[in-house]
Amino acid sequence: MPFPRLLSRRLRGRVNRTTLRFAGHLAFADLEHVGRRTGTVRHTPLRAFRTGDTVVVGINFGRDSDWLKNIQAAGRCRMRLGRTWLELGAPRIVPAEEGVRRMPWLFGAALRYVVRTADCVELPVVGIGRPGQSARGGSVPWSS
């Protein structure tokens with residue numbers, strides 16, 4: 001069962017800003033997406049895993065998560081994973097059983113049996129940004 005929506009609202013703000021500092025370490029990633037209503041650039045901390053040309057993320061707060069709706073509406077996003085910015089294509093929601101196959105065993109087991117996440121999202125890697133490149137404070141080259 002995904003985390004309750006109330007918990008999601010409480011995690012925003014200070015906790016998310018603190019967690020973003022870990023992006024690039026221990027599978028923490030910085031998902032950069034554009035708000036579908038405001039058009040502003042948003043940054044969401046996630047645990048993400050890359051296997052070849054695909055990145056997989058557990059949908060811990062359910063399919064109603066704002067970050068998921070934003071990337072579905074835009075059909076793309078960017079993610080800092082490690083020291084690299086990845087340009088990602090249209091998301092595809094898959095059952096957790098399929099998504100965890102692309103994760104290390106321990107993270108996949110925790111996602112399925114502890115957090116009880118029902119779904120994951122797979123994002124195809126469509127481009128790789130330059131090392132050290134950040135869109136903070138600048139234009140977002142992938143937005144249209």
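These questions and answers concern a predicted model of one chain.

Visitor: In what pattern do the helices and strands follow along the sequence?
Guide: The chain of this predicted model has 5 helices and 7 strands.

Visitor: What share of the contacts between residues at least 6 apart in sequence joins residues at least 24 apart?
Guide: The chain has 144 residues, and 41% of them are buried. Of the contacts between residues at least 6 apart in sequence, the share joining residues at least 24 apart is 67%.

Visitor: Which residues of helix α5 are buried, and what covers them?
Guide: Helix α5 spans residues 105–114, and its buried residues are G108, A109 and L111. Seen down the axis of α5, the buried residues fall within an arc of 165 degrees, so they line one face of the helix. Their cover includes β3 (54–58) and β7 (119–128).

Visitor: Which exposed residues does α5 carry on the face turned away from its buried side?
Guide: Exposed means over 50% relative accessible area. On the face of α5 turned away from the buried side, the exposed residues are L106, Y113 and V114.

Visitor: Is C120 buried or exposed?
Guide: Buried means under 20% relative accessible area. C77 has 1% relative accessibility and counts as buried. C120 has 0% relative accessibility, so C120 counts as buried.

Visitor: How many disulfides does the structure hold?
Guide: A disulfide is a covalent bond between the sulfur atoms of two cysteines. A pair of cysteine sulfur atoms counts as a disulfide within 2.5 Å. The number of disulfides in the structure is 0.

Note on methods. Residues are numbered from 1 along each chain as its sequence is written. This is a predicted model: local features need pLDDT of at least 70, side-chain atom pairs count only at pLDDT 80 or more; totals for chains, interfaces and linings use all residues. Side-chain values use heavy atoms; hydrogens and water are left out. Buried means under 20% relative accessible area, exposed over 50%, partly exposed in between (1.4 Å probe, protein chains only). Helices (H or I, at least four residues) and strands (E, at least two) are DSSP runs, numbered from the N terminus. The arc is that of the directions from the helix axis to the C-beta atoms. Contact means heavy atoms within 4.5 Å.
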